[in-house]
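Q: Hey, can you walk me through this one? I'd like to go through it bit by bit.

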Amino acid sequence: MEVQFQNNSLLVSHQNKTFQLHPIWLRERLPGEDFFDIDTNQRLYEPSSINLDLQISHAELLDALLKVEFNDGIKGTFNIDELLREMDSDKNKRGPLPERILWNSELQNFPEAQFEEEMVEKESMYHLLMNFYKYGFVIIKNVPTEDKYLLKFVSSIGPVKVTNFGEYFDVKSKPNPNDLAYKPIALPPHTDNPYRKPAAPGIQFLHCLKNEVSGGFSTLVDGFAVAEYLRNKHTEAFESLTTTNLRYQFQDKDIVLENWGELIELDKEGDYKQVRYSTRVDYVPPLEPEKLKNFYQARKLLSELYCSAEFELKFKLQPGDIMMFDNHRLLHGRTAYDANEGMRHLQGCYLEFDATDGKLRHLARKFQ
Ligand SMILES: [Fe+2]
């Protein structure tokens, strides 16, 4: 890192890039109690009121402190590391959130965490969330198997997302269900609720209370790993799946929910944003036959990959396990079971990413 001040211009070289720092960019970060509220760290003034002709009249770096004087007489000191963090575009965007580790069925060591009482402020929660962001899931072991204990645990991280299914749902066989999840049949890999607005629930938790049956294995697939495989090996299919917009619909006697989106959604940088796969509730629009032909071919390939032994993890949840997983990245399912063999009872609920993201950023301040 190098800092130069010449001709009223402040140049910072960092990671093979040189940034010319705009005077207003610097000024609206100027620390101090005249500018930022001590308690909230929020700006005390309207930054658009800064004179557009503002200039830097002097700057020098002393150790990690950048001393700057502006041409209106205001001066101050910046922590250069804080400024550099904003110049690293990746760090600036992701903060303490770790890089993803894509996986397939060869994943050896499952990301696990041991349940502890009051763990939300502990380092163990920091590691739990880091694993969750790396792998898209984590199995939390030895959670008390009390009815609705899940809600107590999840609400310690953030507000449980309430839907028309309620605050939580029981996954066990029941008569006249409004969803296939409540029959003892196999559930192929899927993502939940792509029909919700503004988006499908971000995170799902399933707490295993009883699992007395010989079947009923849980399955998980890393949808982003499958997408990456398609991007590398089947460009045409990838193109079709990332550009065809589908409608998803749920209906029961009280409500009709609808939303739209691609089976593989990319963000503006081409990174994976969300996968959707719930083929019992999706509807592709009447596109030209050639486009539909490509789409159906691509969807068939996608379905084969999602169900393949190469990508699918299959394991048995034990009573006391909570499986926490990213519903925008992973697909989940289960094998069939015989309800006459005994009870299989999971409780589930949803949480949104601002809760986990915010908690991880908070814990990183303590433990990173
Ligand atoms: Fe599901």
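Predicted model: local features only at pLDDT ≥ 70, side-chain atom pairs only at ≥ 80, totals over all residues.

Q: Switching topic: what is the peptide bond from Lys197 to Pro198 like, cis or trans?

A: That one is cis, with omega near 0°. Pro198 is in the loop between β10 (187-190) and β11 (203-211). As a general rule, most peptide bonds are trans.

Q: Let's zoom out. Into which domains is the chain divided?

A: Domain 1 covers 2-94 and domain 2 covers 112-367. Their centres, taken over C-alpha atoms, are 42 Å apart.

Q: How many residues are in the largest nonpolar core?

A: It has 64 residues. Among those with the most contacts inside it are Leu129, Phe137, Val138 and Met324. Helix α4 (residues 123-135) gives the most to this core, with eight residues.

Q: What else is there in the way of a core?

A: There's a second, separate core of seven residues, including Leu10, Val12, Val68 and Phe70.

Q: Back to Val138: what is it in contact with, leaving aside neighbours within four places in sequence?

A: Its contacts include Pro111, Glu112, Ala113, Leu128 and Met324. Asn131 and Phe132 are on that list too.

Q: Now strands. Why is β20 largely enclosed by the rest of the structure?

A: Because four of the five residues of β20 (residues 330-334) are buried.

Q: Which strands pair with β20?

A: β10 is one of them: two bridges join β10 to β20, running antiparallel. In that pair, His190 stands opposite His332. Strand β12 (residues 218-222) also pairs with β20 in the antiparallel sense, over five bridges. There, Asp222 is opposite Leu330.

Q: What's the strand order in the open sheet of three strands?

A: The order is β14-β13-β17, with antiparallel pairing. β14 (256-262) and β17 (282-283) stand at the edges with a single partner strand each, so one side of each has no neighbour in the sheet.

Q: How many bridges are there between β13 and β17?

A: Two, with strand β13 (residues 245-251) and β17 paired in the antiparallel sense. Arg247 stands opposite Tyr283 in β17.

Q: Last one: where is Ser303, and how far is it from Val3?

A: Ser303 lies in helix α8 (residues 289-306). The C-alpha atoms of Ser303 and Val3 are separated by 53 Å, and the two residues are 300 residues apart along the chain. Ser303 counts as partly exposed because it has 15 C-beta neighbours inside 10 Å.

Terms used. Residues numbered from 1 in each chain as written. Domains from an automatic or database assignment. Buried ≥ 20, exposed ≤ 12 C-beta atoms within 10 Å, placed from the backbone. Core = buried A, V, L, I, M, F, W, Y, C linked by C-beta atoms within 7 Å. Contact = placed C-beta atoms within 7 Å. Pairing = 2+ DSSP bridges.
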